[in-house]
Amino acid sequence: MSVKLTTRQVGDVTVIDANGRITLGEGSTTFRELIKELLAAGNKKILINMADITYIDSSGIGELVSSYTTTTNAAGALKLLSLGKRVKDLLQITKLYTVFETFEDEAAAVGSFS
Amino acid sequence: MSDTVSGNSLIDHLLDSNLGSVDRAEEIVAEAATSMGFDEEDLHKIGIAIRECMVNAVAHGNRYSAKKKVRLQVWTDTGRLVVHIGDEGNGFEAVTVPDPLAQENLLKHSGRGLLMIQAFMDEFIVRKRDPAGTEVRLVKVLPPHKEF
């Protein structure tokens, strides 16, 4: 199953609820397309809820990084919420925990943008 | 699609150079690893490693060529899962891949696959195939208390 992305607005923060697998050929480009749409519409505070991501490979990690750089280059901010153990492990292995700001609690995450 | 030869402990497939083969290889190895008794977390790690190697073989090695195959071999004996994945590409030198942990490379889109494979498997070797291509050898050791 490829990744399914739905968005909702919490104040001025756009929360992306991600569900499924982020792998090459299974939605790995879906993230960057959505991020570009959000930025074009002026939504520059983006929180990706990873709670229902079941699987992510290096292509998927690459998409998260591209989404992050695209957002920061547009003077926005992209943060991650509710990482599962496997995604946390991958961020540790790839040292990307030094790049991404991550949260366990949505209210705290949303509040961090202000 | 594939040519299969099965022996007592060897699974041998020739797979097409497409993303469907990536899924197929992951399924084949997962079935073998499950039968050995690997737990869910190890199965996940093995699956990621196989997927990364298959993407390298299909996309970077064989460049999705319909004329080129990826050979997948799996051994499941003596408490070890051993997987060989070989492509027919132009060859590959692991040392030429930029260090993905270097500060200047952290925000690059790609280049983390080998790092993830090394982190998830007990042994990972890249070697040239004769006459052409690249073969990787992956080994995952079954924890002693889980041996059947």
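Trainee: Which residues in α2(B) meet residues in α3(B)?

Mentor: This is a predicted model. On the α2(B) side they are B:Lys45, B:Ile48, B:Ala49, B:Glu52, B:Cys53 and B:Asn56, and they meet B:Gly113, B:Met116, B:Ile117 and B:Phe120 of α3(B). The test for a contact is C-beta atoms within 7 Å.

Trainee: How does the contact of α2(B) with α3(B) divide by class?

Mentor: There are 6 nonpolar, 2 polar and 2 charged residues. B:Gly113 is one of the residues in that contact, and Gly counts as polar here.

Trainee: At what angle do the axes of α2(B) and α3(B) cross?

Mentor: The axes cross at roughly 145 degrees and come within 9 Å. The angle is taken between N-to-C directions on a scale from 0 to 180 degrees. The crossing of α2(B) past α3(B) is left-handed.

Trainee: What is the crossing in which α1(B) passes α2(B), left-handed or right-handed?

Mentor: Right-handed. Helix α1 (residues 19-36) of chain B packs on helix α2 (residues 40-61) of chain B at about 145 degrees, with the axes 9 Å apart. The handedness is called right-handed if the near helix is turned clockwise from the far one by less than a right angle.

Trainee: Which residues in α1(B) meet α2(B)?

Mentor: Among them are B:Val22, B:Ala25, B:Val29 and B:Ala33, and the residues in α2(B) include B:Leu43, B:Ile46, B:Ile50 and B:Met54. By class, the contact of α1(B) with α2(B) divides into 12 nonpolar, 3 polar and 2 charged residues.

Trainee: What makes A:Ser82 buried?

Mentor: A:Ser82 has 20 other C-beta atoms within 10 Å. The cut-off for a buried residue is 20 or more, so A:Ser82 qualifies as buried. A:Ser82 lies in the loop between β4 and α3 of chain A.

Trainee: Why is B:Tyr64 called partly exposed?

Mentor: The count for B:Tyr64 is 13 other C-beta atoms within 10 Å. Exposed requires 12 or fewer and buried requires 20 or more, so B:Tyr64 falls in between and is called partly exposed. B:Tyr64 is found in the loop between α2 and β3 of chain B.

Trainee: What is the phi of B:Tyr64?

Mentor: Phi of B:Tyr64 is near 60 degrees, a positive value in a residue other than glycine. Most residues other than glycine have a negative phi. A:Ser82 also has a positive phi, near 55 degrees.

Trainee: What makes the peptide bond from B:Asp130 to B:Pro131 worth a remark?

Mentor: That bond is cis, with omega near 10 degrees. Most peptide bonds are trans. B:Pro131 lies in the loop between β5 (123-128) and β6 (134-141) of chain B.

Trainee: How do you know that the buried residues of α3(A) line one face of the helix?

Mentor: The buried residues are A:Val87, A:Leu90 and A:Leu91. Seen down the axis of α3(A), they fall within an arc of 100 degrees, so they line one face. On the other side of α3(A), A:Lys85 and A:Gln92 are exposed. The cover over the buried residues of α3(A) includes β3 and α2 of chain A, together with α3 of chain B.

Trainee: How many residues does each chain give to the contact of chain A and chain B?

Mentor: Chain A gives 17 residues and chain B gives 17 residues. On the chain A side, the elements giving two or more residues are α2 and α3. α2(A) gives the most, with 6 residues. The chain A side divides into 7 nonpolar, 7 polar and 3 charged residues.

Trainee: What makes β1 and β5 of chain A edge strands?

Mentor: The sheet is open, with 5 strands in the order β1-β2-β3-β4-β5. β1 and β5 of chain A each pair on one side only. Inside that sheet, 8 bridges join β2 of chain A to β3 of chain A, and these two strands run parallel.

Conventions: Residues numbered from 1 in each chain as written. Chains lettered and ligands numbered in written order. Predicted model: local features only at pLDDT ≥ 70, side-chain atom pairs only at ≥ 80, totals over all residues. Pairing = 2+ DSSP bridges. Helix = DSSP H or I, 4+ residues; strand = E, 2+ residues; numbered from the N terminus. Contact = placed C-beta atoms within 7 Å. Arc of directions from axis to C-beta.
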